[in-house]
Structure formats: C-alpha cells, structure tokens
Amino acid sequence: MIRYALRRMAGALPTLLILAALTFFLLRFAPGGPFDSERAFPPEVQAAIDAKYGLDQPLPIQFGRWLWDLLHSNLGESLQYTGRPVTEILAEAVPASLQLGILALLLSVAIGLPLGAIAAWKRNTWLDFSAVFITVAGVSLPSYLVASFLIMVFSLQLGWLPPALWEDWTSMILPVVTLSTRPLALIARITRSSTLEALASDYVRTAYSKGLSSLSVVFRHALRNSLIPVLTLLGPITAGLLTGSFLVEVVFQIPGLGRHFVNAVLNRDYPLVMGITLLYGVVLIAANLAVDLAYGWVDPRIRVDSQEHA
C-alpha cells in the first residue's frame with residue numbers, strides 16, 4: 001500500500017506541471033494585465049514596472065523562472081498586495097477555507113449517507129419521496145440562491161444568525177449549510193442508488209433468511225457494500241470543499257482562498273492565481289489518493305488486488 005501511494009504521488013508530478021503550465025499561459029493570453037487602469041502609464045513607467053516584475057521577458061523564460069522559484073519554495077510576491085509573498089497570503093487564507101470545507105464535508109456525509117440509505121430502505125414511501133425531493137432541490141438550486149434564501153430568512157427576518165463574516169460558531173452556520181447543500185444531495189442520491197442495488201443482491205437475501213432485522217441488514221451490510229460509488233464521488237467533493245467555495249466565501253465575506261482567488265483573477269494577480277491553482281491541484285490529487293486507499297477498507301478484495309499488482 002505504501003509503494004502504491006508513492007507511485008501515485010510520483011505520477012502526480014506531471015499532472016501538476018501540466019496544470020501549472022496551462023494556468024500560466026492562459027493567464028498571460030487573457031485580455032488585460034495586472035497594472036492596467038483607466039489612465040495608461042507613460043511608456044517609460046510601464047516599461048520600468050514590467051522590468052521590475054519580469055513581465056518584459058518572453059513567456060517561456062517567465063515560466064522557467066517561476067518553476068525555479070517553486071523548487072525553492074518561493075511562489076513570488078502578489079501584484080495586488082504589493083510586497084506580500086504569496087505563501088504568506090495562502091497561510092492566512094487556508095485556515096478559514098479548511099474550517100469551512102471540513103465542517104461542510106462532515107455535515108454532507110453525516111446527513112447524506114443516512115438519508116440515501118433510508119430512502120432505499122423505505123422505497124416508494126413518503127420518506128423516499130421526501131428524500132428524492134431534497135436531493136433534486138439540493139442539486140438543482142445554485143449556491144447563491146440558497147445563500148440568499150438563508151440570509152433572508154435566518155438573518156433578516158428572524159435575526160437568529162449573522163449574515164456574513166467568519167468570527168464565531170453562529171457566523172459559521174449559514175455558510176456551512178450553503179456549501180454542504182449540493183454535496184449532501186449528491187451523496188444522498190448516489191447512496192440511494194447503490195443501496196437499492198445492494199438490497200437486491202444474494203447476500204442481503206441470505207441475511208434476511210438468517211432472521212436479521214431489516215435495520216441491521218440495511219445499515220450493517222448493504223450500506224457498507226454501497227460505499228464504493230460514494231467514495232468515488234467524495235474525492236472531488238472533498239477537494240472542492242477543502243479549498244473553499246469561491247461563491248460562498250464571496251457572499252459571506254469569508255477571508256479564505258475563494259475570495260482571494262476571485263480578486264486575483266479580476267486583478268490579474270498572476271503569482272497569487274498560480275499559487276491558489278497549484279494548491280487546489282495538490283488537494284485534489286491528495287483527496288483522490290485518500291479515496292483510493294479507502295477502497296481497501298470498504299472492500300478487502302480491492303486491497304488484495306492492489307497488493308498483487310504492486
């Protein structure tokens with residue numbers, strides 16, 4: 001298993017390199033620049049600025065210098081926040097995004113798994129129909145609409161919760177619920193489908209024939225064997241949640257990666273966009289690796305097969 005993980009991490013390096021190259025060159029080819037304004041600088045001033053930040057060099061040379069600095073753990077300085085290293089900005093923004101993402105992930109799994117299992121267990125009943133309605137609504141409604149509804153009801157009308165910021169547990173409720181709505185619905189929908197398939201298998205009928213209760217059969221046998229599709233979905237969901245939702249962080253004014261990324265793109269802050277994109281790529285690869293390793297815990301046959309091919 002360790003050798004498998006090391007091979008996966010080594011194979012991820014070309015992926016990160018391609019991601020960095022695409023982001024770098026697409027940013028440079030996009031219209032506008034980091035120092036564009038309504039009133040253009042004199043040519044000599046613009047040339048001095050470009051020379052200071054290395055923007056006057058050919059693009060391959062700029063990318064090579066960025067890679068060299070990256071090998072020395074240097075992501076450069078932000079062009080928007082003058083004089084501030086990108087690593088410093090990331091260090092300040094990551095904790096809020098991690099808190100938001102972890103809480104949203106826990107809420108999504110804690111509600112999505114049992115909701116999907118109960119819907120499969122009580123198929124074609126009001127519980128099933130209610131769960132299906134919740135999943136369809138959760139997948140269909142955009143985050144900005146969910147956020148607006150929650151703010152309007154719980155902040156403006158009832159006055160129970162603050163409408164923005166990230167200060168104490170009360171200010172965390174609305175953004176966490178907003179961010180978890182879609183992944184919760186996806187997890188519930190996949191869990192329902194895979195549990196229905198498991199309930200029609202032979203080992204479930206054998207469990208029923210042994211006199212086990214339906215509750216025990218569903219949650220101790222069928223649900224565990226239904227987790228493979230859910231784990232596959234959890235990889236990208238975890239990466240997206242842990243790096244923060246751009247829209248949710250902007251709406252609720254959370255000082256996380258999402259808000260910095262949006263501002264960096266709008267202001268053409270090349271080093272900051274590159275740093276956040278690279279971090280997102282690392283988190284995505286790590287989440288998918290964790291999911292692959294979790295397969296062996298859910299289904300021992302997968303662990304045996306991976307050892308045989310190691």
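Predicted model: local features only at pLDDT ≥ 70, side-chain atom pairs only at ≥ 80, totals over all residues.
Local features need pLDDT of at least 70, side-chain atom pairs count only at pLDDT 80 or more, and totals for chains, interfaces and linings use all residues. Residues are numbered from 1 along each chain as its sequence is written, and side-chain values use heavy atoms, with hydrogens and water left out.

Start with the ring pairs. Rings of Phe, Tyr and Trp (its six-membered ring) pair if their centres lie within 6.5 Å; planes under 30 degrees apart count as stacked, over 60 as edge-to-face and the rest as tilted. The count by this rule is six aromatic pairs.

Select phenylalanine 24 and phenylalanine 63. Their pair is tilted, with 5.2 Å centre to centre and 55° between the planes. It links distant parts of the chain, 39 residues apart: phenylalanine 24 belongs to helix 1 (residues 2–29) and phenylalanine 63 to helix 3 (residues 59–71). Helices here are DSSP runs (H or I, at least four residues), numbered from the N terminus.

Finally, select arginine 28. A charge sits over a ring if NZ of Lys or CZ of Arg is within 6 Å of the ring centre and within 35 degrees of the ring normal. Arginine 28 lies over the face of phenylalanine 24, 3.9 Å from the ring centre, and over the face of tyrosine 270, at 4.0 Å.

Terms used: Helix = DSSP H or I, 4+ residues; strand = E, 2+ residues; numbered from the N terminus.
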